[in-house]
Amino acid sequence: MSDPNAPQRDPDTGTPGGFSRRSLAAQAMGRIEPETRAVVMPLHVSTTFIRDPDNGYASGYCYARPDNATVREAESVLAMLEGAEAGALLFGSGMAAATAVFGALEPGDHVVAGTVMYWALKRWLREEAPRRGLTLTFVDTDDTEALRAAIEPGRTKLVWIETPGNPLWTVTDIAAAAEIAHAAGARLAVDSTAASPVHTRPLALGADIVMHSGTKILNGHSDVVAGVLAGAKADAFWERIRGIRAGSGGILGPFEAYLLMRSLRTLHLRAAAQSAGALRLAERLNGHPHVTHVLYPGLADDPGHAVARRQMRGGFGFMLSIRVAGGEAGAIATAARVRLWKRATSLGGVESLIEHRASVEGPGSPCPPDLLRLSTGIEDTDDLFGDLDQALRGAHGD
Ligand code: PLP
């Protein structure tokens, strides 16, 4: 019998050749380099390209900002993974990708964004967006009615959601948010970093733009900083974003694109293993004597579980948080005692990371002081649980 709490399966329709996204990613779309018949594309580093005698550039490559074949190769795989008709654009970081979307708005436009979202982007929105003439409303986007009420019809031009939302892993209903945004004439953009294209495809649920920090599970080896946007439609707004990237120069370097492309081939394996590990950890930590609350949408009693089951496929993601008995001191003392988990910021790598998040996010963050954020890697789950258990017990004097 199938597990009633399992997320949906990926229908994988409309892909090139009818192959699954997993198959296409594993083979980097099956491309063969024509000169040598190599199955791995070379790393293209040239910054400039020969002009045709008729003064054109029939190759489509003129200057490496923004023309680079290695970058385009990774973009084509990302576009396939997201089902993005307009294609994908790589940026020098997730922040560069996200701010390009806000940069494409006009002064006077109103933006609705989530209370629970990547803290540095929220800070940028608070500090920088008003200087560009944007007005902002932050709202709990996991509350569909609150989201609807935050819209200013005619003025709201962009709804920005992050799901699951960092670091509380709240789940926003993407299809409902798209319907609300579109009814008001606004676009919906989704930061899908914590879901990855393996577990959620926001464009298929009605979103207009999906954004990822490629620094996280897309690259997955903690050695590249990158950002991605994928678009549903190559409309004027998308072309403006493309122009902003080319004009402001927030491009990704070819070596980073090469490493990212290499990582995308194993994305499905890593995402499946890391999500399965996160679910096992969440289940084992739920009820631990020194853990007061486990925040993970894969748990049946999590407030986001029903929506997550509807819109996530093959797992609920690799991120979870725990609230530790003994408040901030209990949380920090626990993080201090881990031996296998790495005490570091970031997420999505093959090594598991633990972080006392409130001390990073500072005042104004919805993150409680007793919260530890856990990014699950690919280590043995028994080792990961055992290490956390000894740290929790040691911190509480057991
Ligand atoms: N979105 C989320 C959910 C993130 O966790 C991060 C980084 O931690 C970003 C965006 C920003 O990405 P980057 O660090 O690649 O600029």
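I began with the domains: the chain splits into domain 1 (16-264) and domain 2 (267-395), with bounds taken from an automatic or database domain assignment. This is a predicted model, and I kept in mind that local features need pLDDT of at least 70 and side-chain atom pairs pLDDT 80 or more, while totals for chains, interfaces and linings use all residues. Residues are numbered from 1 along each chain as its sequence is written, and side-chain values use heavy atoms, without hydrogens or water.

Next I looked up how the two domains meet. Their C-alpha centres lie 26 Å apart. I found 41 residues of domain 1 in contact with 38 residues of domain 2, contact meaning heavy atoms within 4.5 Å.

Then I turned to area. Domain 1 and domain 2 bury about 3,200 Å² between them, with 60% of it on carbon and sulfur atoms; buried area is the accessible area (1.4 Å probe) that two parts lose on being put together, summed over both. Of the area that domain 1 buries against domain 2, Trp169, His199 and Ile217 supply 24%, more than any other three residues.

Which residue forms a salt bridge with Asp173? I found Arg310, with the closest N and O atoms 2.7 Å apart.

Key:
Salt bridge = Lys/Arg side-chain N within 4 Å of Asp/Glu carboxyl O.
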